[in-house]
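Trainee: Could we walk through a structure together, one question at a time?

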Amino acid sequence: MIPVKFDYVHAATVDQAIKLMQDSDGTGKVIAGGHSLLPLMKFRLTEPDVLIDISRIDQLKEVKVEGERLIVGALVTHHDASKHPLIQAHVPLLADTASQIGDLQIRNRGTIGGNLAHADPAADLPAAAFALDAEIIIQGEDGEERMSVDSFIIGPLITMLPENSLVTGVSFSIPPSHAKSVYLKYFHPASGYPVVGVAAMAGTDKAGAIDYIKVALTGVGDVAFRAESVEQTLLGQKPSEKMIREAARLAAEEGEMGSDLFASAEYRENLCKVYTERALRSILL
Amino acid sequence: MAIENRKVTVTVNGQERSAEVEPRKLLVHYLRDDLGLTGTHIGCDTSQCGACTIMVNGAAVKSCTMLAVQADKSELTTVEGLGTIDHLHPMQQSFWEEHGLQCGYCTPGVMMAMIGLLQENPNPSEEEIREGMEGVICRCTGYQFIVSAVQKAAKIMAEAAAKDGEAVAASQLVGEGTHRG
Ligand SMILES: Cc1cc2nc3c(=O)[nH]c(=O)nc-3n(C[C@H](O)[C@H](O)[C@H](O)COP(=O)(O)OP(=O)(O)OC[C@H]3O[C@@H](n4cnc5c(N)ncnc54)[C@H](O)[C@@H]3O)c2cc1C
Ligand code: FES
Ligand code: FES
């Protein structure tokens, strides 16, 4: 399968990429790893006139600590995110999630920025991004702005990314050091994409009560969401099998379940509960 | 809109090669049609089967999901670059000895992906090898013989690396000796 004809340009810097987007007058598209965009172009589901390749802007491959947050450059690949020492040390949930995306070859090309900018409702990363209170760092015509991930991803393949702007990085909050984390997914056996993916982090205080908990789910509906009812039910409690099971029953509360060929809404709701329970048991018991 | 062809220059299997191509040309087509390297196969053309897997700057990637222009100035290794018929790469030798292939259609891509796996994890467990095969599909072997082949290749490569290690250590010793003398 061959995409329709398009022109192709390299951007050496972020400013140049923005300029090239302005020049393309809405007909250009940014390409990073190309692992969501090229499959769509091969099916001719999208037909940009010009591809603006940002993959060689080295500045977007950096990972650094900024106070209480870890900044991950948009072009960091899933593979590198799963192996990077700073990511493993500070936000292991992100490393764990990235290591479960697609397969070996996909992880070598796909990028963190591309995954979130694409806003695929079945993507894995949004779960980790929601759980880690991610902020999307955007560079546009009027300078830099930051948007929380829940205001950035607003629908299936729909984001609030302004015209002629780039995601340059993602800022993740660093959880307290006693928090454990896990990403657990039930994936479609053919595509590898999650039918449900649960990102969970939790920790207990000296008395054994839960003093930190974040749970987010992806794959089940149009957008990922935080399971706040689960979090609130467990906060301050001493974890037990019974407590966790009861709290996990609320896992689908904040989400809207989708229904498709793979799974009915009812089945997805059940998967949310089962996978949330398993995830929480694995880090709390 | 007139779109100019681009000159794409790569180092493939150690040799510099270049060709003028349309920006929309896929890397796998560039390899097969422009450079005549037909060892890399196209199975699904939808990023699923891994038959098109090659190394780009040392990392295993699906060349049906990359544009040739994206690979400009990169170092590529295809199955043709692994070994020769007289000196098979340990992965090729092991696939042969362990019957890791039947029709052979998937084999070039599977070998490249498995070399990618061993670079990351030189001593994988059976489970890790099976997980590492997520990005490849074989319709013949049932995978068991591929697993055996990869295990054997890992062993040969580890032994070779250990020997190289000894050789390096020995040359350092020689170096030290010379120094002292
Ligand atoms: C076979 C296969 C299996 C996969 N399995 C999974 C899976 O299990 N889980 C999962 O989460 N994902 C999966 N993916 C998707 C993969 O993670 C993609 O790499 C990722 O979603 C997109 O990243 P990219 O860098 O390839 O983006 P591209 O394809 O280059 O771009 C995607 C979109 O985002 C835009 N974009 C990219 N970067 C930026 C930026 N910095 N700023 C602004 N806009 C940008 C592009 O214009 C385009 O619209 C799979 C892909 C394939 C081909
Ligand atoms: S041909 Fe590239 S993955 Fe199947
Ligand atoms: S040997 Fe025939 S597809 Fe793998």
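Here come some questions and answers on the two chains and one residue.

Mentor: Keep in mind that this is a predicted model, where local features need pLDDT of at least 70, side-chain atom pairs count only at pLDDT 80 or more, and totals for chains, interfaces and linings use all residues. Residues are numbered from 1 along each chain as its sequence is written, chains are lettered from A and ligands numbered from 1 in the order in which they are written, and side-chain values use heavy atoms, leaving out hydrogens and water.

Trainee: Okay, how many helices and strands does chain A have?

Mentor: We count DSSP runs, numbered from the N terminus: helices are H or I with at least four residues, strands are E with at least two. For chain A that comes to 12 helices and 14 strands.

Trainee: What radius of gyration does chain A have, next to that of a compact globule?

Mentor: The radius is taken over C-alpha atoms, and the globule rule is 2.2 Å times the number of residues to the power 0.38. With 285 residues, that rule gives a value near 19 Å. Chain A agrees with it, because its own radius of gyration is 19 Å.

Trainee: And what share of chain B is buried?

Mentor: Buried means under 20% relative accessible area, exposed means over 50%, and partly exposed is in between (1.4 Å probe, protein chains only). Chain B has 181 residues. Of these, the buried share is 45%.

Trainee: Now for Thr53(B): is it buried or exposed?

Mentor: Thr53(B) sits in strand E3 of chain B, which covers residues 53-56. Its relative accessible area is 2%, so Thr53(B) is buried.

Trainee: Which side chain makes a polar contact of 3.0 Å with the side chain of Thr53(B)?

Mentor: A polar contact is a pair of N or O atoms within 3.5 Å; within protein, one must be able to donate a hydrogen and the other to accept it, and residues adjacent in sequence count only if both atoms are side-chain atoms. The Thr53(B) side chain also reaches a backbone oxygen at 2.7 Å, that of Gly50(B). The side chain you're asking about, at 3.0 Å, belongs to Gln105(A).

Trainee: Leaving aside neighbours within four places in sequence, which residues is Thr53(B) in contact with?

Mentor: Contact means heavy atoms within 4.5 Å. From chain A, the list has Gln105(A). From chain B, it has Ala60(B), Val61(B), Lys62(B), Pro108(B), Gly109(B), Met112(B) and Ala113(B).
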